[in-house]
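Hi,

Here is the structure I promised to pass on.

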Amino acid sequence: MNIKFRSATLTDLPTIMQIENTGFSKQEAATESAMQNRIQMISDSFIVACNHENLPLGYVVGPVINERHLTDNLFQQTTKNPTIGGYQSILSLAVAPQWQNLGIASQLLAELKQVSLKNKRQGITLTCLHKLIPYYEKNGYQVDGKSASQHAGEIWYDMVLELPN
């Protein structure tokens, strides 16, 4: 399958919200207004995987932050990314159910890594549920321990992919 990557646009929002709501619980999922804000504010780190018809199959999104680990306020507010430096965060990585288990999520992580290297980010940081730790480890991330995040009332783990400077 030929996958192409591009920045998210507002016309993608309905499809992105469908994918978000199938990939995350109601408590975990971003709101439509939060996703719209992310598309408008951080399109440089909102990457969509598309098929040959340019339809979104999945996406990865997150702001660039100064800290090594995510904080819960990032789920509520978005500010523009600095041009260079910082940590690229991941707030959502999701693929439509019919396109899962084809390596698209790993390709999105690899694309985000390339963008992060180009912009001289220190690393890529995320939180995940315990069951997803092996997946992210397979993609080069290391566990930094339990996260302080209280998002959606879940127990989260901080994971970081260090990037060369």
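Strands β7 (residues 123-128) and β9 (residues 157-162) run antiparallel and are joined by 6 bridges. Strands here are DSSP runs of E with at least two residues, helices are runs of H or I with at least four, and both are numbered from the N terminus. Two strands pair if DSSP finds at least two bridges between them. Gly123 has Glu162 as its bridge partner in β9, and Cys128 stands opposite Tyr157.

Before you go further: this is a predicted model, where local features need pLDDT of at least 70 and side-chain atom pairs count only at pLDDT 80 or more, while totals for chains, interfaces and linings use all residues. Residues are numbered from 1 along each chain as its sequence is written, and side-chain values use heavy atoms, with hydrogens and water left out.

On its other pairing, β7 goes with β5 in the parallel sense over 4 bridges, and Tyr87 has Gly123 as its bridge partner in β7. The whole sheet is open, with 5 strands in the order β4-β5-β7-β9-β8 and mixed pairing. Its edge strands are β4 and β8 (142-146), each of which pairs on one side only. Helix α3 (residues 104-118) packs on the sheet and touches β5, β7 and β9; contact means heavy atoms within 4.5 Å. The direction of α3 makes about 155 degrees with that of β5 (axes are lines fitted to C-alpha atoms, for helices over the stretch in contact, and angles run from 0 to 180 degrees between N-to-C directions).

So how enclosed is β7? Because 6 of its 6 residues are buried, β7 is largely enclosed by the rest of the structure (buried means under 20% relative accessible area, exposed over 50%, partly exposed in between, with a 1.4 Å probe and protein chains only). In a regular strand, side chains alternate between the two faces of the sheet. Here Gly123, Thr125 and Thr127 are buried on one side, and Ile124, Leu126 and Cys128 on the other.

One more spot to look at is Asn81, in the loop between β4 (64-65) and β5 (87-90). Asn81 has 13% relative accessibility, so it counts as buried. Its side chain makes polar contacts with those of Asp44, at 3.1 Å, and Ser45, at 2.8 Å. A polar contact is a pair of N or O atoms within 3.5 Å; within protein, one must be able to donate a hydrogen and the other to accept it, and residues adjacent in sequence count only if both atoms are side-chain atoms.

Cheers
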